[in-house]
Amino acid sequence: MTTKRILLLLALLGIFWHLNAAECRALDLNLPAVRFQMDDAQAPEQVAGVLKILFVLTILSVAPSILVLMTSFTRLAVVFAFLRTALGTQQSPPNQVIVGLALFLTMSIMWPVWQQIHDQALRPFQAQEISGEEFLQRAVTPLKNFMLKQTREKDLKLFVSFTSDEKPKDAASLPLSAVVPAFVISELKTAFQIGFLLYVPFLVLDMVVASILLSMGMMMLPPVMISLPFKLMLFVLVDGWNLLVASLVKSF
């Protein structure tokens with residue numbers, strides 16, 4: 001039976017393929033040909049150009065990681081996830097809303113940094129006033145300064161001891177291999193601290209509701225089911241989203 005189904009499926013695919021081919025011939029579509037060709041490099045400049053293209057493609061492939069690990073996105077996303085868990089609303093707001101809100105808030109928070117990178121690095125590079133190496137150095141400096149402002153000294157010392165044997169002379173000489181992971185764990189610690197503060201009022205409300213239900217003898221009724229509407233009402237009455245977003249933006 002399975003063999004007959006497979007043969008029938010192959011026959012249908014063949015008929016569909018021939019019909020499409022006949023239709024394309026009837027329409028006389030002249031599609032452009034795309035050809036990839038690799039020739040031997042005739043000069044060192046050609047090799048350098050290929051390496052630059054590979055470097056740009058590599059940067060584009062790790063761009064999501066740069067966005068998540070070198071900006072304010074980490075703190076925002078983790079705090080919003082803690083808020084949803086503390087409220088007990090399970091999948092509301094959904095992950096897409098949390099990530100989208102964190103993304104646009106990240107763009108707002110990081111806008112001065114992007115402006116510095118544009119003025120100090122991108123614009124001179126487009127005007128061919130600086131080389132590619134200097135462009136990378138100027139582009140990294142504002143981003144590194146932003147991360148260092150949010151990084152704890154203890155975390156930075158830890159990763160500096162892992163990555164280099166010599167003590168850096170100043171902040172500019174700190175390698176990104178030490179600054180980025182130190183910034184990430186500092187952001188995670190800050191996000192967990194904010195998450196703890198978010199949990200406290202909702203936890204107190206859960207305990208009060210559980211005590212009331214226990215005193216009334218309703219031990220089989222889940223306290224979370226009763227406390228959820230009160231959590232939502234409390235969060236709406238205090239304008240929780242406005243307070244939380246304002247506090248997060250001002251924390252950077």
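This is a predicted model: local features need pLDDT of at least 70, side-chain atom pairs count only at pLDDT 80 or more; totals for chains, interfaces and linings use all residues.
Tutor: Residues are numbered from 1 along each chain as its sequence is written, and side-chain values use heavy atoms, with hydrogens and water left out.

Student: Why are α6 and α7 called roughly antiparallel?

Tutor: The axes of α6 (residues 111-126) and α7 (residues 132-150) cross at roughly 170° and come within 9 Å. Angles over 145 degrees, on a scale from 0 to 180 between N-to-C directions, count as roughly antiparallel, and therefore the term applies to α6 and α7.

Student: Which residues of α6 and α7 make the contact?

Tutor: With contact meaning heavy atoms within 4.5 Å, the residues include Trp114, Ile117 and Phe125 of α6 and Phe135, Leu143 and Phe146 of α7. The contact residues divide into 12 nonpolar, three polar and one charged.

Student: How do you know that the span of helix α9 agrees with its 40 residues?

Tutor: The expected span is 1.5 Å times one less than the number of residues. For α9 (residues 176-215) that gives 58 Å, and the end C-alpha atoms are 58 Å apart, so the two agree.

Student: Where does α9 bend, and what follows within four residues?

Tutor: α9 bends by about 30° at Val200, and Pro201 follows within four residues; the bend is the angle between axes fitted to the seven residues ending there and the seven starting there. After α9 comes Gly217, with a positive phi near 80°.

Conventions. Helices (H or I, at least four residues) and strands (E, at least two) are DSSP runs, numbered from the N terminus. Angles under 35 degrees count as roughly parallel, over 145 as roughly antiparallel, 65 to 115 as roughly perpendicular and the rest as oblique. Ala, Val, Leu, Ile, Met, Phe, Trp, Tyr, Cys and Pro count as nonpolar, Asp, Glu, Lys and Arg as charged, and the others, Gly among them, as polar.
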